Amino acid sequence: MIRRGFWLTAGAVSGIWGYRRVAAVGRRVSASLTPGGTLKLTDTRAGTRTASRTASRTASRRARRGAVTLARETYRFTRDVREGMELYTARHPAPAGSTLSTDRTTDHDPQSEDGH
């Protein structure tokens, strides 16, 4: 019982730790994909503003291209999964009937018809 408690606690701790790490990475990726999310206009000189706008446009284009690429790859993945499922169902036809049925009308009944 103590061993189970140990593994339960270890699993909970590692799950929480992993969730926080994944959430932090997700926030960083989200900030990098947001157009202009990390760019700030702190200098008022015209040249710096132009450079910041250009950098913002470049980041926006990269994010857009990344989103399009991600959408395309997601579509390809789902298409492959559907094709695989179709192949599987073609090779493995559904069983004739339910095996969990409560109706017990079988030929191998333990009692014979004459009651013995």
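Me: Is E73 buried, partly exposed or exposed?

Reply: Start with the model itself: it is predicted. Then look at the relative accessibility. For E73 the value is 41%.

Me: How many salt bridges does a search of the whole structure find?

Reply: First the general idea. Side chains of opposite charge can pair when their charged atoms come close. Now the case here. The search of the whole structure finds one salt bridge. E73 forms it with R76. Their closest N and O atoms are 3.2 Å apart.

Me: Where do E73 and R76 lie along the helix?

Reply: Both are in helix α2, which covers residues 46–91. They are three residues apart, so about one helical turn separates them. R76 is partly exposed too, because its relative accessibility is 39%.

Me: Which residues gather in the patch of positive charge on the surface?

Reply: Look for R57, R61, R62, R64 and R65. Take R61 as one of them. Its place is in helix α2. At 45% relative accessibility, R61 counts as partly exposed.

Me: How far apart are S32 and R62 in sequence and in space?

Reply: Read the two distances separately. In sequence, S32 and R62 are 30 residues apart. In space, they are 9.8 Å apart, C-alpha to C-alpha. S32 sits in helix α1, residues 2–33. Its relative accessible area is 48%, so S32 is partly exposed.

Me: Which residues form an aromatic pair?

Reply: Again, the idea comes first. A pair of aromatic rings is described by the distance of the centres and the angle of the planes. A search of the whole structure finds one aromatic pair. F6 and W7 form this pair. Their centres are 4.9 Å apart, with 70° between the planes. An angle over 60 degrees counts as edge-to-face, so this pair is edge-to-face.

Me: Is W7 buried or exposed?

Reply: W7 is exposed. Its relative accessible area is 57%, and the cut-off for exposed is over 50%.

Me: Which residues make the nonpolar surface patch?

Reply: Find V25, V29 and L33. Together they make a patch of about 240 Å². V25 has its place in helix α1. With 42% relative accessibility, V25 counts as partly exposed.

Me: How many helices and strands are there in the chain?

Reply: There are two helices and zero strands.

Me: What share of the residues counts as buried?

Reply: The chain has 116 residues, and 3% of them count as buried. Buried means under 20% relative accessible area. Now take the surface of the whole chain. The accessible surface comes to about 11,100 Å². Carbon and sulfur atoms account for 58% of that surface.

Terms used:
Residues numbered from 1 in each chain as written. Predicted model: local features only at pLDDT ≥ 70, side-chain atom pairs only at ≥ 80, totals over all residues. Heavy atoms only, no water. Salt bridge = Lys/Arg side-chain N within 4 Å of Asp/Glu carboxyl O. Helix = DSSP H or I, 4+ residues; strand = E, 2+ residues; numbered from the N terminus. Buried < 20%, exposed > 50% of the residue type's maximum accessible area, 1.4 Å probe, protein only. Patch = residues over 30% accessible without salt bridge, like charges linked within 9 Å, V, L, I, M, F, W, Y side chains within 5 Å. Areas by Shrake-Rupley, 256 points an atom, 1.4 Å probe, with all protein chains shown as cover. Lys, Arg positive; Asp, Glu negative; His and termini not counted. Charge placed at Lys NZ, Arg CZ, Asp CG, Glu CD. Phe/Tyr/Trp six-rings, centres within 6.5 Å; stacked < 30°, edge-to-face > 60°.
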